[in-house]
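This briefing is for a reader new to the structure shown below.

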Amino acid sequence: MDDELNVTYITLDGFIELHTYRFLYFVIMFIIYFLIICFNFTIVYLIWIHQNLHEPMYIFIAALLINSVLYSTNIYPKLLVDILSEKQIISYSACVFQAFMYYTLACSEFLLLAAMSYDRYVSICKPLQYSTIMRKTIVSMFLVLSWIVPGCEIALSVIFNANIKLCNFTLRGIFCNNSIYKCQCLSSVVLSVYGVFVSLNISFFPMLFVLFTYTRILIISYRSCKSVRRKAAQTCLPHLLVLIGFSCFFIYDIVIVKLESDFPKTARLIMTLQIILYHPLFNPLIYGLKMKEISKHLKGLLTPPSGFAPGGFSSHHWLIPAYLQPIMVHQGVYEDWGAAPLSLLATSSPLLPEHMYFEC
């Protein structure tokens, strides 16, 4: 207790041999955080700039990846500061806020995955009604609710716990999660029941909904033609991989509080690092490699243009007004783009909309 400022501080006691491996910890954590930001925002950027990715499924993927960046930003900056500090401490109010953001963003991931599973269900099982059901207003509503509902429900729990007296000021972890309730002198039955309700409402039930939806998709696609089965596998497999991985870590995070006294410190640190590392880092890899359209644009982003003209006068891409295509090709004026004058190839009109151009 700081008598001068009247601020309660919590000591984070989850690191192992920090004084020995301080800079190794810092370099590894910094690189991981940098990669998380780069990988996630690369996929979000591709979805943003390509018009054919402005569909509900890809919008939900972009929201999920932004959620992963926010999830990591809630943890990594403070973690990096703690690694370089002599004392790993955090004020109780900041600790409560970090735990609030941690569980709000974690539960938002479940709700976003549930929205994505519903989108896939409508797309595969009710394709003729897809444009009617998945309108922009519905997609926007799903996105807003995915962040607002967990925030409101968890905020009530934070308010209820704000004035509870603390008897322990050491947290057996490297950041603040539900282990903070172990610092309280007494546990409230009402708050425990409410915590169970929140966990069921914004994590367990959405997870069951996702599993039920994908089971229905698999059953219906199994009875359909081969192309439908292929589409179902291509679009549903990445979502299932993300759901299974994140669910396992989230269940561990909840259960570990009950087993805290019996769980080895080294094993706890390893599992905690996996919680904050795997899904923010590998979600963009899964979607970037497994989603066909995203993978195609990602290859285009990483692969330099190889040129277009056999004549070899240029290796750049030129925008050509669509109205010149029939003049130059259909009438046989320039069968070979390399033979066309540079001034004609570079011709463009600023008054024409983007879709009136094609790329060569």
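Which strands does H4 lie across, and at about what angle does H4 run to S2? Helix H4 lies across S1, S2 and S3, and its direction is at about 90° to that of S2. The model is a predicted one. Two disulfides are present in the structure, and one of them has an end in H4, at Cys95.

**The sheet**

- Three strands make up an open sheet, ordered S2-S1-S3, with mixed pairing.
- Strand S2 (89-91) and S3 are the edge strands, each with a single partner strand, so one side of each has no neighbour in the sheet.
- Strand S1 (residues 9-12) pairs with S3 in the parallel sense, over two bridges.
- Leu12 has Leu171 in S3 as its bridge partner.

**The disulfide of Cys95 and Cys176**

- As background, a disulfide is a covalent bond between the sulfur atoms of two cysteines.
- Cys95 is joined to Cys176 by a disulfide, with an S to S distance of 1.9 Å.
- Cys95 belongs to helix H4 (residues 92-125), while Cys176 sits in the loop between strand S3 (170-171) and helix H7 (189-222), so this pair ties together parts 81 residues apart in sequence.
- The disulfide of Cys95 and Cys176 is left-handed because the torsion about its S-S bond is about -115°.
- Cys95 has 0% relative accessibility and counts as buried; Cys176, also at 0%, counts as buried too.

**The disulfide of Cys167 and Cys185**

- Cys167 and Cys185 form a disulfide in which the sulfur atoms are 1.7 Å apart.
- Cys167 is in the loop between helix H6 (136-161) and S3, and Cys185 is in the loop between S3 and H7, so the pair ties together parts 18 residues apart in sequence.
- The link of Cys167 and Cys185 is right-handed, with 100° about the S-S bond.
- Cys167 is exposed, at 53% relative accessibility, whereas Cys185 is partly exposed, with a relative accessible area of 28%.

**Cysteines along the chain**

- Counting bonded cysteines along the chain, the disulfides follow the pattern 1-3, 2-4.
- Cys107 has a relative accessible area of 3%, which means that Cys107 is buried, the cut-off being under 20%.

**Helices H6 and H7**

- Two packed helices are described by the angle between their axes and the distance between the axes.
- For H6 and H7, the packing angle is about 170° and the axes are 11 Å apart.
- H6 is therefore roughly antiparallel to H7, since such angles are over 145 degrees.
- On the H6 side, the contact is made by Val149, Pro150, Glu153, Ile154, Leu156, Ser157, Phe160 and Asn161.
- On the H7 side, the contact is made by Leu191, Tyr194, Val198, Asn201 and Ile202.
- The residues of this contact of H6 with H7 comprise nine nonpolar, three polar and one charged.

**Pro280**

- Pro280 is placed in helix H9 (residues 265-290).
- Is Pro280 buried or exposed? Pro280 counts as buried, at 0% relative accessibility.
- Apart from its neighbours within four places in sequence, Pro280 is in contact with Ile36, Asn40, Ser68, Tyr71, Ser72 and Ile275.
- Pro280 and Ser68 are 212 residues apart along the chain, yet their C-alpha atoms are separated by 5.0 Å.

Technical notes
Residues numbered from 1 in each chain as written. Predicted model: local features only at pLDDT ≥ 70, side-chain atom pairs only at ≥ 80, totals over all residues. Heavy atoms only, no water. Disulfide = S-S within 2.5 Å. Helix = DSSP H or I, 4+ residues; strand = E, 2+ residues; numbered from the N terminus. Buried < 20%, exposed > 50% of the residue type's maximum accessible area, 1.4 Å probe, protein only. Pairing = 2+ DSSP bridges. Contact = heavy atoms within 4.5 Å. Axes fitted to C-alpha atoms, helices over the stretch in contact; angles between N-to-C directions. Parallel < 35°, antiparallel > 145°, perpendicular 65-115°, else oblique. Nonpolar A, V, L, I, M, F, W, Y, C, P; charged D, E, K, R; others polar.
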